[in-house]
Amino acid sequence: MSILVKFGIWAVPLGVVLAFLPLLYQTEFESTDFDYVQETCNRTLGSYKLQCPNISSDLKELFKSHGVVVLRQVLPPELIEDLIGEVQCRFRPKEKSRSWALFARNVWMDSEVFGRFALHQDSPLGCLAAQLIPGAHTIRYGHEELNMLVEEQNGTEAWQTDLESNLPENLTGSVPLVRFFLPLIRQNLSNVTGGSESVFPLNHFARLRKYYPPCFDEDGRLKGTCLAMNNLAAAPALAPGDLLLYSPLMPHRTQRMLSGSRIGLSGSLYEPSLLIPWVAEVKSLELLTEPPDMGLVCWDKSTKEWHGNLNWQSAGTHGISNGTTACFPQVYPQPQENEMVTRFSNDLLNPYGPHSVKLRRFLHSFPLQKLIGAAPGW
């Protein structure tokens, strides 16, 4: 049998093996995984007496019409410095990345400093959200993300909304959830430095939908590449201690970092008794979609329950408790003692954190295992 014939016999099965090789084994786990360093930082949050400023009626009306408001000097610079120091101790930036130097989820579950900040007795975050959500009596915390930009990095380039962008008008004005963006910086962010959040106010978004249909898909969802939005968007200047609050329905994207660097902390603040029925109504209209990487986000050892997903705080996830849980802790009017005990007894497992690195490495390296039975969202 000639060499060419022998080669032909093996060519087809060899080609099949090579085609399926990415499903069998993948490399470069460190470049794609969430950015945790598995080392203990012996740091703690300083003792701070924080105040919750009253949001004026004018700013409340601005938030209602535009979907965004900037509050100045909400947090003291010393507290911001504590958070920056924890990031510098625990993480190692990836400065060669095009998008983020670091990106981590639910850091408050693993970091003592961020945990103490999220559950601070006097934290203004929940109090401020309660002023922007009509009828709010309690506020819970979730969907926390920590990211970092260095010079020439873009972050999220496409325009996006944190909830579905094609909701009917009768639902868009009643979302009982507020998003926050807290820049952890030592210098001001401006159009000279970059690194802020580019926002497209809701009043402009309504006109865009009415007069510029090319920016939307057939089902009404926003196209992230819509160029017409660029001229009407704004990136607010932010100083240390400033806080950006915005509607999850407002389009936004990251402003490119032009010089220096910045760290950003973002998350959701929501009223559970209002969010759960609101999500149920959206689901009844079959408008709620659930991306595959937004499944289970926390294991509560005290109740032996999984909770998720990132945007909907269990309310939109089948088969998972809609009840209260330390995975999405109460932060207003005050944190609950039992939830604080659960957190600081290390009874919460963050699948995106340092304690699940080995499992994530396995699922990344052998993706076929993920397809045939791994937990959703891992």
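**Figure 1. Disulfide Cys215–Cys226.** Cys215 is buried, with a relative accessible area of 3%. Its partner in this predicted model is Cys226, and the two form a disulfide with sulfur atoms 1.8 Å apart. Both cysteines sit in the loop between H8 and E6, 11 residues apart. Cys226 has a relative accessibility of 5%, so Cys226 also counts as buried. The torsion about the S-S bond is about 55 degrees, so this disulfide is right-handed.

**Figure 2. Disulfide Cys52–Cys127.** Cys52 and Cys127 are joined by a disulfide, with 2.1 Å between their sulfur atoms. Cys52 lies in the loop between helix H2 (29–32) and helix H3 (57–66), while Cys127 lies in helix H6 (residues 124–132). The pair therefore ties together parts that are 75 residues apart in sequence. The torsion about the S-S bond is about -90 degrees, so the link is left-handed. Cys52 is partly exposed, at a relative accessible area of 27%. Cys127 is buried, at 18%; the cut-off for buried is under 20%.

**Figure 3. Disulfide Cys298–Cys327 and the sheet around strand E9.** The sulfur atoms of Cys298 and Cys327 are 2.1 Å apart and form a disulfide. The link is left-handed, with -70 degrees about the S-S bond. Cys298 lies in strand E9 and Cys327 in the loop between E10 and strand E11 (330–332), 29 residues apart. Cys298 is buried, at 0% relative accessibility. Cys327 is buried too, at 1%. Within the sheet, Cys298 stands opposite His307 in E10. Strand E9 (residues 296–300) pairs with E10 in the antiparallel sense, over four bridges. The open sheet has three strands, in the order E10-E9-E12, with antiparallel pairing. Strands E10 (305–308) and E12 (348–349) stand at the edges with a single partner strand each, so one side of each has no neighbour in the sheet.

**Figure 4. Disulfide pattern of the chain.** How many disulfides does a search of the whole structure find? The search finds four. With the bonded cysteines numbered in sequence order, the pairing reads 1-3, 2-4, 5-6, 7-8.

**Figure 5. Aromatic pair Trp159–Phe200.** The structure holds six aromatic pairs. One of them joins Trp159 and Phe200 edge-to-face, at 6.2 Å centre to centre and 65 degrees between the planes. Trp159 lies in the loop between strand E3 (139–150) and helix H7 (169–172). Phe200 lies in the loop between strand E5 (197–199) and helix H8 (202–211). The pair therefore ties together parts that are 41 residues apart in sequence. Trp159 and Phe200 are both buried.

**Figure 6. Aromatic pair Phe205–Phe216.** Phe205 and Phe216 form a tilted aromatic pair, at 5.8 Å centre to centre and 35 degrees between the planes. Phe205 lies in helix H8, and Phe216 in the loop between H8 and strand E6 (243–246). The pair therefore ties together parts that are 11 residues apart in sequence. Phe205 is buried, at 7% relative accessibility. Phe216 is buried as well, with a relative accessible area of 9%.

**Figure 7. An aromatic cluster and two arginines over rings.** Trp108, Tyr141 and Phe180 form one aromatic cluster. Where does Arg105 lie relative to Tyr352? Arg105 lies over the face of Tyr352, at 4.6 Å from the ring centre. Arg116 lies over the face of Phe344, at 3.6 Å from the ring centre.

Conventions. Residues numbered from 1 in each chain as written. Predicted model: local features only at pLDDT ≥ 70, side-chain atom pairs only at ≥ 80, totals over all residues. Heavy atoms only, no water. Phe/Tyr/Trp six-rings, centres within 6.5 Å; stacked < 30°, edge-to-face > 60°. Helix = DSSP H or I, 4+ residues; strand = E, 2+ residues; numbered from the N terminus. Buried < 20%, exposed > 50% of the residue type's maximum accessible area, 1.4 Å probe, protein only. Lys NZ or Arg CZ within 6 Å of the ring centre and 35° of its normal. Pairing = 2+ DSSP bridges. Disulfide = S-S within 2.5 Å.
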